[in-house]
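Please work through the exercises below with the sequence and the model side by side, trying each task before reading its solution.

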Amino acid sequence: MKPVDGGGPAKQASDPVALRLPRLRPVWLVIGLLAVLAALVLGVSTGPVALPLPGVAKELLALLPGVDLDSGLSERERALLVELRLPRVVLGLLVGGLLALAGACYQGVFRNPLADPHLLGVAAGAGLGVTAVITLRRGAGGSATAALPLATPLAAFVGAVAAVALTYALATGGGDRSPATLILAGVAVSAFLSAGQTFLMQRDADAIREIYSWLLGRLGTAGWRDVLLVLPYAVVTAVVVLAHRRDLDVLAVGDAEAAGLGLDPQRTRYVLTAAASLGTAAAVSVSGLIGFVGIIVPHTVRLLAGASHRTILPVSMLVGGAFLVLADLVARTAAAPAEIPIGVVTAFLGAPFFVLVLRTGARTRL
């Protein structure tokens, strides 16, 4: 595939996308990194046991290679920070970043401002996988929580990937590979898998509470296991999507024009959709169904920083991580000592935002 921009003044002069859409300005990356840093410090210092901000900052710096600082925290406070709160915050950064990056990617691929990481049946497939695991364990006479540590995330991941594969098969079976066909196939697959999930839930009413707890989303983690589980998929997704950020700008001008600029629209669309779906499946497998992150964050970044995906993708990934950490902070503290499902918090913020986009931007071309 030929590069889209670059290659000298003559090349740039003949490339309308390069002239119309600006490059990523470092100031937006700085803003995104500052948002991540602020969310990190607030997330690990706030909770039922308050930790002093100076001590938290020093302890976080002491975790860096070659840095030796005395934070002044006690052993108990240090263990609370490093073994409990920090893994949860890092998981929130990864999950939020993946959902926001996938949302921005889907919106560019489908040229649809309402596209969302659950578009291709990922959420329904993951929900069906988890529901099946919980009900099967109960049917075998075991406790709903007495299982292998990776059983639930593995079931969610397999269900999500299977849903995406089924969507692809339906969309390409008739030879029509247009974005509209993929969207319709995703809706059909989601409806079918959701029906299967409802059937399993009604067969085992005792499991409904646990299933709904997972479906509403959570970032509870017992150490670094979930972080290590998601990290490889996050790296692969980020590398693939960010490497194609210029291609998304070219797709915005239409398939015929993109092909004239040396881009294979169909290949690019499927590569990006597969990468975004992989990241979404990994995020859903450890956090449950957390909605609206993929709509709120990319639209906000687009409004503030411009329409170029060279800016939207990396900044959305950073801001999305910070957004989910702050949403989790609200979930942990708003009704303390009880904890609100994080999906309720994001839905409370996202539903009005979705209506606003639907009313004012649904017909706006990206």
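The exercises that follow treat a helix crossing and then salt bridges.

This is a predicted model, in which local features need pLDDT of at least 70 and side-chain atom pairs count only at pLDDT 80 or more, while totals for chains, interfaces and linings use all residues. Residues are numbered from 1 along each chain as its sequence is written, and side-chain values use heavy atoms, with hydrogens and water left out.

**Exercise 1.** Determine how the axes of helix α5 and helix α14 cross, and which residues meet there.

*Solution.* Begin with the elements: helices are DSSP runs of H or I with at least four residues, numbered from the N terminus. The axes of α5 (residues 75–110) and α14 (residues 293–305) come within 8 Å and cross at roughly 70°. That makes α5 roughly perpendicular to α14, a label that covers angles of 65 to 115 degrees. The crossing of α5 with α14 is right-handed, that is, the near helix is turned clockwise from the far one by less than a right angle.

Next, list the contacts, meaning heavy atoms within 4.5 Å. From α5, Gly 96, Leu 99, Ala 100, Gly 103, Ala 104 and Gln 107 take part, and they meet Val 293, Gly 294, Ile 295, Val 297, Pro 298, His 299 and Arg 302 of α14. The residues of this contact divide into seven nonpolar, five polar and one charged, with Gly counted as polar.

**Exercise 2.** Identify which residues form salt bridges with Arg 78, and state where each partner lies.

*Solution.* A salt bridge requires a side-chain nitrogen of Lys or Arg within 4 Å of a carboxyl oxygen of Asp or Glu. One partner is Glu 59, with the closest N and O atoms 3.3 Å apart; this pair links distant parts of the chain, since Glu 59 lies in helix α4 (residues 53–62) and Arg 78 in helix α5, 19 residues apart. Another partner is Glu 75, at 2.8 Å between the closest N and O atoms, and here both residues lie in α5, three residues apart, about one turn of the helix.

Then compare accessibility, where buried means under 20% relative accessible area, exposed over 50%, and partly exposed in between (1.4 Å probe, protein chains only). Glu 59 counts as buried because its relative accessibility is 7%, Arg 78 is partly exposed at 21%, and Glu 75 is exposed at 61%.

**Exercise 3.** Are Arg 332 and Asp 328 buried or exposed?

*Solution.* Both Arg 332 and Asp 328 are buried. They form a salt bridge whose closest N and O atoms are 3.4 Å apart. Arg 332 and Asp 328 also belong to a network of salt bridges that includes Arg 88 and Glu 339.

Notes: Axes are lines fitted to C-alpha atoms, for helices over the stretch in contact, and angles run from 0 to 180 degrees between N-to-C directions. Helices (H or I, at least four residues) and strands (E, at least two) are DSSP runs, numbered from the N terminus. Angles under 35 degrees count as roughly parallel, over 145 as roughly antiparallel, 65 to 115 as roughly perpendicular and the rest as oblique.
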